[in-house]
Amino acid sequence: MNYFNHISIPNFDQCDQEIKAAFKHFHGDYSNVDIFWKFSNDQEFFQRCPTLVASFKQLGVTVQNAFLITVYDAKLNDIHTDYGSLPIRVNWPLHNAHSIVTRWYQASNQGRLWTDNPNGAPYTIFDPTHCEVIAECVIDRPTAIRVDVPHNTNAIPGMPLPRVAYSFNLTYQDRDRMAELLG
């Protein structure tokens, strides 16, 4: 089973420019972002990123939601699975990508549902003493990742924060193609 796969995005440079411009429109400077996970205004975001939408279509998938994911504090490293989500997302790094290692784990327990997330989205968290690392990567380019397997972000000591990325949910109908993208 693959837990991540770096993917080639058609028209990458134009997509990257559009995403960074949309980020600046919504959030300003990278130092102004101090929330771990936040929905974007999908309709406006995708209107600002038409090449991205078309490039995902060329890959055979439809992008549905954009989430901002920021690691601004090294202590933000709960081992978790995303709750109520499709099993695979595409993460797109924007800033300080090499400051974070994403790890996946084998957990020896079921975890527990946590609903006190500041953005209101629940997820299942796991006790790190019951988890063993099974894979890791630096998401330094668009990457398909498993979010239904326990995972977390780990700050690399001495590297700058925040690490800022977008995470894209694809449509349910694309689940088989998403599995192909994962490799």
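Helices (H or I, at least four residues) and strands (E, at least two) are runs assigned by DSSP and numbered from the N terminus. With that in hand, you can find Asn-65 in strand β3. What you're looking at is a predicted model, where local features need pLDDT of at least 70 and side-chain atom pairs count only at pLDDT 80 or more, while totals for chains, interfaces and linings use all residues. Residues are numbered from 1 along each chain as its sequence is written, and side-chain values use heavy atoms, with hydrogens and water left out.

Let's stay with Asn-65 for a moment. Is Asn-65 buried or exposed? Its relative accessibility is 15%, so Asn-65 counts as buried. Here, buried means under 20% relative accessible area, exposed means over 50%, and partly exposed is in between (1.4 Å probe, protein chains only). The side chain of Asn-65 is joined to that of Asp-42 by a polar contact of 2.8 Å. A polar contact is a pair of N or O atoms within 3.5 Å; within protein, one must be able to donate a hydrogen and the other to accept it, and residues adjacent in sequence count only if both atoms are side-chain atoms. If you skip residues up to four places away in sequence, Asn-65 touches Asp-42, Phe-46, Ser-167, Phe-168 and Asn-169; contact means heavy atoms within 4.5 Å.

Phe-168 leads us to the nonpolar side chains. In soluble globular proteins, these tend to be buried together. A nonpolar core is a set of buried Ala, Val, Leu, Ile, Met, Phe, Trp, Tyr and Cys residues joined through side-chain atoms within 4.5 Å. The largest one here has 31 residues, and Phe-168 is among those with the most contacts inside it, along with Ile-19, Phe-45, Leu-52, Phe-56 and Tyr-166. Elements giving two or more residues to this core include α1 (12–27), α2 (42–48) and β12 (163–170). There's also a second, separate core of eight residues, Trp-104 and Val-149 among them. Back to Phe-56: leaving aside neighbours within four places in sequence, Phe-56 is in contact with Val-61, Val-63, Val-90, Phe-168 and Leu-170.

Now for strand β4 (residues 79–82). Ile-79 and Thr-81 point one way, His-80 and Asp-82 point the other way, and all are buried. Strand β4 runs antiparallel to strand β8 (residues 123–126), and four bridges join them; strands pair if DSSP finds at least two bridges between them. One of the residues involved is Thr-81, whose bridge partner in β8 is Thr-124.

Asp-82 has a charged partner too. Arg-89 forms a salt bridge with Asp-82, with the closest N and O atoms 2.6 Å apart, and both residues are buried. A salt bridge is a side-chain nitrogen of Lys or Arg within 4 Å of a carboxyl oxygen of Asp or Glu, and the whole structure has seven. Another one joins Arg-48 to Glu-44 at 3.2 Å between the closest N and O atoms. Those two lie four residues apart in helix α2, about one turn of the helix.

Finally, the cysteines. How many disulfides are there? The count is zero, where a disulfide is a pair of cysteine sulfur atoms within 2.5 Å. Take Cys-49: the closest cysteine sulfur, in Cys-15, is 8.2 Å from its own, so that's too far for a bond. Cys-131 is in no disulfide either, as the nearest cysteine sulfur, that of Cys-137, is 18 Å away.
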